[in-house]
Amino acid sequence: MRIVESLNKNWKFSKRSELPEQVPCHCDKQEGWEKVEIPHSYNAFDGQDGGGDYYRGKVVYVKRVNRPNVPEDYKIYVEFEGVNSIAEVFLNGEKVCEHRGGYSTFRVDATDALKKGKMELGVIVDNKNYSDVYPQMADFTFYGGIYRDVNIVAVPQTHFCLDYYGSKGVAFDTKIMGKDARVNLNSWVTNPQESDMVQFEIYDEEGETVAEAFTPAKEVSSTATVIPSVHLWQGVKDPYLYTVVARLIRHNEVLDEVEANLGVREFYVDPEKGFFLNGESMPLRGVSRHQDMLGKGNALTEEDHWDDAYMIAELGANTVRLAHYQHNQAFYDACDELGFIVWAEIPFISVMSKDPKGHENCREQMKELIYQNYNHPSICFWGISNEITIGGEREGLQENLEDLNKLVKELDTTRLTTMAQVSALPKESKQNQITDVLSYNHYFGWYGGDYTENEKWFDEFHAMYPDRGFGISEYGCEGIVSWHTDEPKCKDYTEEYQAEYHEHMAKIIDERPYLWATHIWNMFDFGCDARDEGGVKGRNNKGLVTLDRKIKKDAYFIYKAYWSEEPFVHITGRRYAERPYETMTVKVYSNQKEVTLYVNGEEKATVKGDKIFLFENIELTEEINVITAKADGCTADTVTFKKVSEPNPAYVRPEEEDDSLTDGARNWFEGVDENGELPELTFKEGYYSIHDLVSEILENDDTANILISAINTYGTMQTKRSMLGIMGGVSFLDMSAMVASEPEKADRMLKMANVELQKIKKA
């Protein structure tokens, strides 16, 4: 039988580019080595502290591995569940494998290396940018390390295949037939003998056998069985799971055994009515999720993943977009068990590499994603890209997207394809016709415009394409719990503006069933070392929950009011604890029909409402005022507000270093004749130009001013220096397609800016 043992403990780690001559014991005698346990990331701290300077390069992990206690003829693999982003694996000093891509499982055959009973295992990990490995550029930290579990897997010579794209060697799908369900069962076996057979046994949640099938074991074999009176997997409403156990049998002995979740469900998307699961309408309303945490980077434990899933379930969400890469198997398992509908995707994001090998890497990562996750009933959508035109409309992009969509259809006929478009992509783009359904990332009310522009855009697109399944893959705004105001406005980074923004978005989404899925960006704050916004460095603060998972922002509770059936009340503004006035408006979120408010123990008012309850002119009669909200069927919520004579300046975000630069830059091109003749592009050697990387332009105050002015004059968004760090890896020329709404404006922006850039000599 299969033996699986953890190899997570007792690794030695060093920031160096080559293996030591003797490993691992010799490392103890050298400086620069430390003992670590897996999961481990070497960017857990510098990837979240800002500056865009986290370490990106090679490191070395080494470990001595003993042969497991298994028969002499067993095959022995080392299984890596995730190494970011390039892994070179060495056994006894000999390189045996190189895996390019940081988010999927891969295995190496260590049978020969363990012949003497032990071996030296070394891994060189590299998270530097390479043109043939995705992601190329994105708004998150590319944490390096062996950040998911490492196992040793020992199997007989005949076993369910372990050499094919990190898969389990078995795959299942279902077809509902009245009250019953047909289960298609597929297996891949290494070294089968003529008399070998595969048994599939299906258990219900009580552990009782409900169906069984046998088939001769071949390299590839298929059979089917039927579950009578099947219990359907009905998402969060009833996430009923069967278990399929596949056994490889020789004579009277089980040689190998694997198991997986089985959820019986069918689904479709109606362009007018949205998502349907097993014939029932189920509007998909949920969140996107990144996999990192404060002080851990992406090196999360299984418990961390489940804690995240439970917090999403508490919100009442029924869907999760797992951005922007393959996530840990523990989280997919949690989604199966909790009933989330999952959008799973590869990191084809922001910019397409000009290296043809990059597309092959996309295809490989897509194959790994699908083969490794085919059995998860929670996954209903495969995503082929995200905001891929940020880096410009590069030659071959349309063809590559079409090829990825075709590949997915060849690998999996049971699910739908989708993609997430950047807001600036024209509605008429041919890209919008590639996948089965699509979604847009929109930030009206944050990066530009007013949040009321969202519904206008949604309705216009739906009117243009009434037969296309259309959703919102990202929307959100920054909310930092230190900053507070009574007059929230866009870009103030206050918790109050974030809550107001999401109050509006939750309402307009609820009113539009044609949106097949909506995903908040983001469930949790996440690391982005290049960011420096709102007084917080190194992270994106759009989460409903903080990066350390300790604080649920007010915006979290407006969605709980819309989505959750668990009765609750929540008083907003609790961190705005000092109030410089005699009376205040108390705002409460709740999914109940009426809420009663108490002030210092005295009942003040009962208000009927829908999601949002306002109690106006509440007197603050004491220095410390205890406010309590109550509703039938739920625990009361109590907050204290202190009455003070003067506003507390600590609630106001300090002016950032580049605020003044941004304000001045807005007028750089003021007065330029919009209809005038455009200058020719010139490129004097030794001077700045639009061909320079954004990061190089931002290093110089004068050129940074030109860049920001050009974007703010001709683009669709208002920006500042600290917001552009995430674009550092692309040229101003490539970035122009993202920030300008029309080709004509992009052309004018580039030519006008280039004139000014060419006046400034490089140091």
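Guide: Gladly, and burial comes first: buried means under 20% relative accessible area, exposed over 50%, and partly exposed in between, with a 1.4 Å probe and protein chains only. This is a predicted model, where local features need pLDDT of at least 70, side-chain atom pairs count only at pLDDT 80 or more, and totals for chains, interfaces and linings use all residues. Residues are numbered from 1 along each chain as its sequence is written, and side-chain values use heavy atoms, with hydrogens and water left out.

Visitor: Are Lys-542 and Glu-478 buried or exposed?

Guide: Both Lys-542 and Glu-478 are buried. They also form a salt bridge, with 3.3 Å from N to O; the term stands for a side-chain nitrogen of Lys or Arg within 4 Å of a carboxyl oxygen of Asp or Glu. Lys-542 sits in the loop between strand S35 (536-540) and helix H7 (554-563), and Glu-478 in the loop between S32 and H6, so the pair ties together parts that are 64 residues apart in sequence. Helices (H or I, at least four residues) and strands (E, at least two) are DSSP runs, numbered from the N terminus.

Visitor: Which residue forms a salt bridge with Lys-587?

Guide: That partner is Glu-503, and the closest N and O atoms are 2.7 Å apart. Since Lys-587 belongs to strand S38 (residues 583-590) and Glu-503 to helix H6, this pair ties together parts that are 84 residues apart in sequence. Lys-587 counts as partly exposed because its relative accessibility is 22%, whereas Glu-503, at 14%, is buried.

Visitor: How many salt bridges does the structure hold?

Guide: There are 47 salt bridges.

Visitor: Which residues in H5 are buried?

Guide: They are Asn-454, Glu-455, Trp-457, Phe-458, Phe-461 and His-462. Seen down the axis of H5, the buried residues fall within an arc of 160° (taken from the directions from the helix axis to the C-beta atoms), so they line one face of the helix. Lys-456 and Ala-463, on the other side of H5, are exposed.

Visitor: What covers the buried residues of H5?

Guide: Counting contact as heavy atoms within 4.5 Å, the cover includes strand S31 (437-441), strand S32 (469-474), helix H6 (495-510) and strand S33 (515-520).
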